[in-house]
Amino acid sequence: CEVLTVDGMVHSLLHTVQNLIMDNHWRIRQSVVEQIPKLSRLFGLELFQSKLENLILSSLRDSVHSVREAATKNLKEISEIFEAQWTVNHLLPKLVEQYSASAGYANRMTTLHVLPQVSG
């Protein structure tokens, strides 16, 4: 009988989240994005930055508007969780970089919509 450790459970949960964020059904991707702030609060800054941050940032480039909108809303909540200093020093530069690298109209508009959300 194998004992499941906390680290094992966290790893398993994060692996599941990473798989579900790439699901073909947009409602599943949206639901996963909506859970990221709760996971961020639970796991803390270090684990968010190493495992969840890229997932929510990539959701800003999703092909479905509802998923992008959920990512925008939940990035605001994440910026409140990790506070203004982290948002200014860490998150905003990543969003600006993402805007510069985006070629598509929808991706650029989504980034422009998220900036005031996380700044205010």
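Okay, everyone, which residues have the most contacts inside the largest nonpolar core? They are Phe 48, Leu 52, Ile 56, Leu 75 and Leu 95, and that core has 26 residues. A nonpolar core here is a set of buried Ala, Val, Leu, Ile, Met, Phe, Trp, Tyr and Cys residues joined through side-chain atoms within 4.5 Å. Buried means under 20% relative accessible area, exposed means over 50%, and partly exposed is in between, using a 1.4 Å probe and protein chains only.

Quick housekeeping before we go on. This is a predicted model, where local features need pLDDT of at least 70 and side-chain atom pairs count only at pLDDT 80 or more, while totals for chains, interfaces and linings use all residues. Residues are numbered from 1 along each chain as its sequence is written, and side-chain values use heavy atoms, with hydrogens and water left out.

The elements giving two or more residues to it are α1 (6-20), α2, α3 (45-59), α4 and α5 (105-119). Helix α4 gives the most, with 10 residues. By the way, helices are DSSP runs of H or I with at least four residues, numbered from the N terminus.

Let's zoom in on Leu 75. Leaving aside neighbours within four places in sequence, Leu 75 is in contact (heavy atoms within 4.5 Å) with Ile 56, Leu 57, Leu 60, Leu 91, Leu 95, Val 114 and Val 118.

Now the aromatics. A pair of rings is described by the distance of the centres and the angle of the planes. Rings of Phe, Tyr and Trp (its six-membered ring) pair if their centres lie within 6.5 Å; planes under 30 degrees apart are stacked, over 60 edge-to-face, and the rest tilted. The structure holds three such pairs. Phe 48 and Phe 82 make a tilted one, 5.3 Å centre to centre with 45° between the planes. That pair links distant parts of the chain, with Phe 48 in helix α3 and Phe 82 in helix α4, 34 residues apart. Phe 82 and Trp 86 have ring centres 5.2 Å apart and planes at 65°, so they are edge-to-face. Both lie in helix α4, four residues apart, about one turn of the helix. Together, Phe 48, Phe 82 and Trp 86 form one aromatic cluster.

Glu 83 sits in helix α4 and counts as exposed, at 55% relative accessibility.

Last stop, helix packing. The axes of α2 (residues 26-43) and α4 (residues 65-101) come within 9 Å and cross at roughly 0°. Axes are lines fitted to C-alpha atoms, for helices over the stretch in contact, and angles run from 0 to 180 degrees between N-to-C directions. Among the residues meeting there are Trp 26 and Val 33 from α2, and Ala 70 and Phe 82 from α4.
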